[in-house]
Amino acid sequence: VKIVDEEINLIQKVIILNSKSEPDRLQYINSSNESKEMKKRIFSNIDNEEVAVIDPNEPIYCFCRQVAYGEMIACDNEECDIEWFHYACVNLTKKPRNIWLCPSCSSQKKK
């Protein structure tokens, strides 16, 4: 859960910083209390292109509560409250070969 929270935090910061100008990004580097490693991870994920305008009616997914982007995976629990997840948010780099349950459904199944 801690790793997922850290990834969500990272994604949220990347999204926020994507909307800022270069001087604002540099100010963040100088003023942030983030560790050097976290700053490196944040800035390595920033896309220098303009951020796409997101339709406010577009559905949100995943623990990060963001719109669909990149690789996503569906939880195989038909009763999953969230259903779709970004690979990065659940620490995946490729599609699992077998049934995949999100961390929440997986922990509920163990109980």
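The largest nonpolar core holds 13 residues, and Ile73, Cys75, Phe85, Trp100 and Cys102 have the most contacts inside it. Such a core is a set of buried Ala, Val, Leu, Ile, Met, Phe, Trp, Tyr and Cys residues joined through side-chain atoms within 4.5 Å, where buried means under 20% relative accessible area, with a 1.4 Å probe and protein chains only. In soluble globular proteins, nonpolar side chains tend to end up buried together. This is a predicted model, in which local features need pLDDT of at least 70 and side-chain atom pairs pLDDT 80 or more, while totals for chains, interfaces and linings use all residues. Numbering starts from 1 along each chain as its sequence is written, and side-chain values use heavy atoms, with hydrogens and water left out.

Cys75 is worth a look here. Neighbours within four places in sequence aside, Cys75 is in contact (heavy atoms within 4.5 Å) with Cys80, Glu83, Phe85, Trp100, Leu101, Cys102 and Cys105.

As for the overall layout, the protein has four helices and two strands, running α-α-α-β-β-α along the sequence. These are DSSP runs, with helices (H or I) of at least four residues and strands (E) of at least two, numbered from the N terminus. Of the 111 residues, 30% are buried.

His86 sits in strand S2, residues 84-86, and counts as buried because its relative accessibility is 1%. The His86 side chain reaches the backbone oxygen of Val67 at 2.9 Å. Leaving out residues up to four places away in sequence, His86 also touches Tyr61, Cys62, Cys64, Gln66, Val67, Ala68, Tyr69, Glu71 and Met72.

Technical notes
Buried < 20%, exposed > 50% of the residue type's maximum accessible area, 1.4 Å probe, protein only. Polar contact = N/O pair within 3.5 Å; in protein donor to acceptor, adjacent residues only side chain to side chain.
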